Amino acid sequence: MNMDAFRLDGKVALVTGASYGIGFAIASAMAEAGATIVFNDIKQELVDKGVAAYAEQGITAHGYVCDVTDEDAVNELVAKIEAEVGVIDILVNNAGIIKRIPMVEMSAKDFRQVIDVDLNAPFIVSRAVIPSMIRKGGGKIINICSMMSELGRETVSAYAAAKGGLKMLTKNIASEYGQYNIQCNGIGPGYIATPQTAPLREIQPDGSRHPFDQFILAKTPANRWGEASDLSGPAVFLASAASDFVNGHILYVDGGILAYIGKQP
Ligand code: NAP
Ligand code: GCO
């Protein structure tokens with residue numbers, strides 16, 4: 001097998017919400033594999049910080065301010081990227097939020113905001129990039145799903161509904177656009193140490209680990225939280241020609257959580 005199949009040379013990759021966290025790690029890995037990196041964030045300040053952080057790794061990233069829930073802004077962003085950088089070959093729908101509120105205490109506004117960012121936005125951005133992918137002869141779309149694409153837990157009803165929907169949106173894009181040599185797959189990270197999960201890992205006043213931290217360690221055969229870098233290889237694989245016959249698949253990168261009933265008492 002020619003290992004160049006795992007390279008991304010000559011490809012333009014848009015990773016949404018990638019100033020830091022999982023998106024930043026995925027974009028950095030794709031750059032190492034040869035891709036030209038484009039990313040967006042809501043705030044110019046964070047875009048600037050992201051560009052500097054990529055530069056510290058020797059990566060010249062193209063950063064843009066864009067709220068992925070704003071359809072007009074997304075369409076303008078894609079047109080600007082195509083004019084300034086090139087047609088998007090790889091899209092990673094990474095931007096996401098979570099609100100941890102018991103469902104009966106959650107407002108419909110809060111519920112809709114999570115659905116808007118975590119499900120509606122991947123639809124909006126994918127719809128904006130697919131026509132050019134078709135004209136170019138193909139492309140790759142990677143949706144960042146979750147354990148909550150498969151499992152529920154207390155306080156994350158909106159997030160689980162969104163990520164469950166994102167799993168099915170992934171399968172539907174794969175079904176509808178596979179004929180144009182577009183592969184759409186998902187990555188389902190386990191529990192990853194990023195700002196999004198920082199509240200779940202806070203050291204307690206008595207110096208002990210957060211109860212949820214201990215819970216996740218007991219539910220993870222790897223007995224550790226994931227690092228954003230654990231997602232790099234899977235993302236490069238799904239962005240590369242090595243996965244051209246993989247379509248509609250959710251690749252869980254979870255240290256074994258979904259396979260495991262949990263540590264015995
Ligand atoms: P994070 O640290 O909270 O980063 C999320 C990123 O998305 C931030 O850069 C954020 O920008 C951006 N973003 C949020 N709303 C946006 C919007 N409307 N428009 C543009 N950008 C927006 O999260 P993460 O842990 O890296 O997670 C990244 C993705 O992985 C999310 O989809 C998350 O659901 C998913 N995931 C995370 C884990 C985990 O354990 N961490 C596990 C499974 C899946 P701002 O800072 O400006 O808000
Ligand atoms: C939570 C966590 C999880 C992770 C991730 C797991 O509150 O349960 O934030 O949802 O973010 O999605 O795969």
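1. The second largest pocket holds about 230 Å³ of space. A pocket here is an open set of points on a 1 Å grid over the protein atoms alone, where a 1.4 Å probe fits, with protein on both sides within 12 Å along at least five of seven lines; a volume is the space filled by probe spheres set on the points. Its lining has 16 residues, with Lys11, Gly138, Gly139, Lys140 and Asp244 nearest the centre; lining residues have an atom within 4 Å of a point.

2. The model is predicted, so that local features need pLDDT of at least 70 and side-chain atom pairs pLDDT 80 or more, whereas totals for chains, interfaces and linings use all residues. Residues are numbered from 1 along each chain as its sequence is written, chains are lettered from A and ligands numbered from 1 in written order, and side-chain values use heavy atoms, without hydrogens and water.

3. The largest pocket contains about 970 Å³ of space. Among its 42 lining residues, Asn94, Ala95, Gly96, Ile97 and Gln196 are closest to the centre. Helix H4 (108-136) gives the largest share of this lining, 4 residues.

4. Ligand 1 takes up the space of the largest pocket. A side-chain N or O atom of Thr194 lies 2.5 Å from an oxygen atom of ligand 1, and one of Lys163 lies 2.9 Å from an oxygen atom of the ligand. A polar side-chain atom of Asp67 is 2.9 Å from a nitrogen atom of ligand 1.

Conventions: A polar contact is a pair of N or O atoms within 3.5 Å; within protein, one must be able to donate a hydrogen and the other to accept it, and residues adjacent in sequence count only if both atoms are side-chain atoms. A molecule sits in a cavity or pocket if more than half of its atoms lie within 2 Å of its grid points. Helices (H or I, at least four residues) and strands (E, at least two) are DSSP runs, numbered from the N terminus.
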